Amino acid sequence: MRLAFKIALRFLTSSKGQTALIAIGIAVGISVQIFIGSLIEGLQVSLLDATIGSASQITVNPEEKNTPIDDLQDIENWLTETYDEITAITPTLTQGGFLKIGDNTEQVVFRGFDLNKANEIYKFDAAITEGTYTLKENEVILGVDLAKNNNLKIGETYDIITPEGTISALKIVGFFDLKVASINQSWIIGSIDLARDIFDFSSSQGTAIELQISEPFDADLLTEEMTLTSTQKDVKFDNWKVQNEQLLSGLNGQSTSSLMIQVFVVISVVLGIASVLAITVLQKSRQLGILKAMGLNDRTSSFVFLFQGIILGILGGILGIIFGLGLLWSFTKFALNPDGTPVVPIFVNYGFIGLSGLIAVAASTLASIIPAQKSKKLSPIEVIKNG
Amino acid sequence: MDSVINLSGVNKIYGTSVKTQVLFDVDLAISQGSFNGIIGESGSGKSTLLNIVGTLDKPTSGEVYINGNRTDQMNKNQLAMLRNETIGFIFQFHYLLPEFTAFENVLMPYYIKNKKIDTKLEARAHELMELVGLSKVKNNLAGNMSGGQQQRTAIARSLINNPKIILADEPTGNLDSGTTEVVYDLLRDINRDLNTTFVIITHDRRIAEKTDRIIEIKDGRIFTDLSRT
């Protein structure tokens, strides 16, 4: 084995140009694989983040529509105590109403939150375009489009009319932009206590609890578990996956096509290395014949080529990772939106990159099996006879 | 048994559809420590004979014994081990590995034996390089040496595992007459000092005359077999 390694290394170092060429060939393949993989993953992460990063991933809703949940606090406590996976949780009270603007009324959705908790889901601190989101009694913030369309100003006070006809005064202290037009056009956000006052709910009541979890893709499993263990019979647990089936199938399609591209890149790398190594068996057949005449056994001679494959794989893998990272880096530097942010934020997954390196080694080892077998068949007499 | 090489009834036929018989019922015994020359015209079958003795080729029929072991029935790995430990080869074209230095080439059969190189063996390799007069160029790559130096490296290499037999196919075929003389004297010295058996194919009658026994091959048969007494 040591001899095989020594010979393999010497064969490779004695024709440096050829070795470099093969290693670069592997590296280019692996770097493309890393680039495509990271690009698609970045695309998915940013898409996912845009879709559910600032939204409820699991929502506790009343079993019967339009009825309040009575023990909001109890359920919230039970959830936080039972599930470590929960990263953010907020009770909410959501009701439709009408905002009275001059002689007109505008249909709005009033969303009462525990604002500090809700901030972890909706990131109001980043979404505020004007004013503040620290709210005092009867203060609210509005979607930017709602404000713009109706020419509403910070500091002004407007009346909100509930479906029951109760009227309450709201003071506008800020505008937010949550990047979703329907939200920006209709949401009014205030404290949950304010919402209870306006819509006449008791202090333990609300309409839903919204949660985010550490692994959004496990949302369906987690909701199943919650449904099974919950002692509350009048609530149900909904997850984002059910509500975003089309997005999910889109993401799946993207993952599959990305995987396909990667697989074919790796296949072409394998074929490339295999053919080059097969040629080196011919190149080195004279040396192999001499070695075999001196008593080198077939096993060791085939290991010479396996080791060449492994060494080339390691070399190509390292180079490929460097190239791939370089490619990703330049992509984030040169493919930019008008505002200077990258078109696709690249997501560097070290596990994936490590795996690509391993794939390089595995692929070139696999590719060296054929030449290794060929070298076994080589008989010393052919070399000795043919000079 | 006194003979280290023993062939009985060896036939060699090449080809399957068009059959060419190269050797006809060859019987040959070579005794331990002897210095033998094989002569014959091109195509007479002498190289084929040597390759069969060296286990690089197999006879179509007949029995081959090397050092008392029957080789025509051994598998590839057994043969490889036998060659490595019992036989040293010197070919017309030196057949060194150009990727390795002269010194490494000399050590190669020992590496193949799967042995670690210790100081004792290194000393032996140095000694052999000295013996063939190559101390100064031992760290040159095999490709960067003159023909004579390469051939002498090949001789040192053939000796590293202390083989009982050295088979040489025109070892001086591409050397000038001065160097040829030096190489033969060297082989003779080794034969005398280490009691190594030599079987040497040569075209050179002058060289052949220096051997203990001259075997002439003609048309695949032993034509004459003369021993010096």
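**View 1. The contact between chain A and chain B.** In this predicted model, 26 residues of chain A and 25 residues of chain B form the contact, where contact means heavy atoms within 4.5 Å. About 2400 Å² is buried between chain A and chain B, with 63% of it on carbon and sulfur atoms; buried area is the accessible area (1.4 Å probe) that two parts lose on being put together, summed over both. R10(A), M294(A) and I384(A) account for 25% of the area that chain A buries against chain B, more than any other three residues.

View 2. Three salt bridges are counted between chain A and chain B, each defined as a side-chain nitrogen of Lys or Arg within 4 Å of a carboxyl oxygen of Asp or Glu. K284(A) and E99(B) meet through their side chains in a salt bridge, at 2.7 Å from N to O. Ten residue pairs, both residues at pLDDT 80 or more, are in polar contact across the interface of chain A and chain B. A polar contact is a pair of N or O atoms within 3.5 Å; within protein, one must be able to donate a hydrogen and the other to accept it, and residues adjacent in sequence count only if both atoms are side-chain atoms.

**View 3. The side of chain A that touches chain B.** Helix 1 (2–14), helix 12 (285–293) and helix 16 (380–386) of chain A are the elements that give two or more residues to this side. Helices are DSSP runs (H or I, at least four residues), numbered from the N terminus. Helix 1 of chain A gives the most, with seven residues.

**View 4. A nonpolar surface patch on chain A.** I24(A), V28(A), V32(A), I314(A), I318(A), I322(A) and F323(A) make a nonpolar patch of about 570 Å². Such a patch joins nonpolar side chains (Val, Leu, Ile, Met, Phe, Trp, Tyr) within 5 Å, from residues with over 30% relative accessible area and no salt bridge. Helix 2 (16–53) and helix 13 (298–334) of chain A each supply at least two of its residues. The largest share, four residues, comes from helix 13 of chain A, where I318(A) is found.

**View 5. A salt bridge within chain A.** D220(A) and K241(A) meet through their side chains in a salt bridge, at 3.4 Å from N to O. D220(A) lies in helix 9 (residues 219–229) and K241(A) in helix 10 (residues 240–243) of chain A, so the pair ties together parts that are 21 residues apart in sequence.

**Notes.** Residues are numbered from 1 along each chain as its sequence is written, and chains are lettered from A in the order in which they are written. Local features need pLDDT of at least 70, side-chain atom pairs count only at pLDDT 80 or more, and totals for chains, interfaces and linings use all residues, while side-chain values use heavy atoms, with hydrogens and water left out.

Technical notes. Patches are made of residues with over 30% relative accessible area and no salt bridge: like charges are joined within 9 Å, nonpolar side chains (Val, Leu, Ile, Met, Phe, Trp, Tyr) within 5 Å. Accessible areas come from the Shrake-Rupley method with a 1.4 Å probe; for residues, only the protein chains shown count as cover.
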